[in-house]
Amino acid sequence: MNDSSRHHFSMKYMDYMYNTKNNITSNSSATPGDMNATGIAQIMIPQELFLMLGLISLVENILVVVAIIKNRNLHSPMYYFICCLAVSDMLVSVSNVVETLFMLLTEHGLLLVTAKMLQHLDNVIDIMICSSVVSSLSFLCTIAADRYITIFYALRYHSIMTTQRAVAIIAVVWLTSITSSSLFIVYHTDNAVIACLVTFFGVTLVFTAVLYLHMFILAHVHSRRIMALHKSRRQATSMKGAITLTILLGVFIICWGPFFLHLILILTCPTNPYCKCYFSHFNLFLILIICNSLIDPLIYAYRSQELRKTLKEIIFCSWCFAI
């Protein structure tokens, strides 16, 4: 199994054009000179690096989920959505760790695999990654809508965004993500699947950008109104949440953008030499995706004093228990 077929989710869309799937069980080790089906040498990245980043991001996101569950002050719709965003990042981490371990064990002759086993692992990882990207985009939009309501409908926020509604939204997002991911994998040979993913990425970004534009243009007007009603502290907190989401969204675009450009190029210019050159950097795009899962928890902790405090308590208690 070589590194050119490392990430099956996107490679499924490449293999029906480049027939890479037939080579998935070829060489048990890769070298910098390995060629994928495009005829362009892939940039190779040590599997140990994938494993290390995956484990770190997995631990970080588990800590965020535990902290939000543990601290009752964080039991609010926004933090429920952030918790789900952390779970989405965990899907990327888990899939990366499982796949990398699987590859390392195979390469060292510690695990014998069959084509059927590879296919099952392939499908599971595909669904996890696809669910992660769909749910992450959905929860970023949900958090943006939540911040929008907090800022412009501050006095009615608790009646609009109740815990029951937040739970219902979370259930719908996860159900939709898993269902759509399963359908995407079943029909992975259809160009329409890539088009749907790219369109969804674009629509969610436009939706979030429109909300932010409205928020930051009119925020100062509502700030005066809310201050008049002695709610200035709530306004400041709401804007802080909006800024946090802006950072999260920016990091998401930077980390996932190259991957979605990769999909767009598969649709528009699969045989163009320049596009093939871009495809050769695919492993770097995977590192960026994993880095997104690694960076998000740091943003949560940096932007939320309450969450940061709880994380310190958890780490300190774990350290004391280990001693």
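Tutor: Here is a look at helix H2 first, then at the parts around it. This is a predicted model, where local features need pLDDT of at least 70, side-chain atom pairs count only at pLDDT 80 or more, and totals for chains, interfaces and linings use all residues. Residues are numbered from 1 along each chain as its sequence is written, and side-chain values use heavy atoms, with hydrogens and water left out.

Start with Met52. Met52 lies in helix H2, residues 47-70. Helices here are DSSP runs of H or I with at least four residues, numbered from the N terminus. Met52 is partly exposed because its relative accessibility is 45%; buried means under 20% relative accessible area, exposed over 50%, and partly exposed in between, with a 1.4 Å probe and protein chains only. Together with Leu49 and Ile56, Met52 makes a nonpolar surface patch of about 240 Å². Such a patch takes residues with over 30% relative accessible area and no salt bridge, with nonpolar side chains (Val, Leu, Ile, Met, Phe, Trp, Tyr) joined within 5 Å and like charges within 9 Å. The areas come from the Shrake-Rupley method with a 1.4 Å probe, and for residues only the protein chains shown count as cover.

Now go to Lys70. Its side chain meets that of Glu313 in a salt bridge, 3.6 Å from N to O. That pair links distant parts of the chain: Lys70 in helix H2 and Glu313 in helix H11 (residues 305-322) are 243 residues apart. A salt bridge needs a side-chain nitrogen of Lys or Arg within 4 Å of a carboxyl oxygen of Asp or Glu. Lys70 is partly exposed, since its relative accessible area is 49%. Glu313 is partly exposed too, because its value is 34%.

The structure holds 2 salt bridges. Arg147 and Asp146 form one of them, with the closest N and O atoms 2.5 Å apart. Both Arg147 and Asp146 are buried.

Last, confidence. The chain has a mean pLDDT of 79, where pLDDT is the predictor's confidence in each residue, from 0 to 100.

How values were computed:
Helix = DSSP H or I, 4+ residues; strand = E, 2+ residues; numbered from the N terminus.
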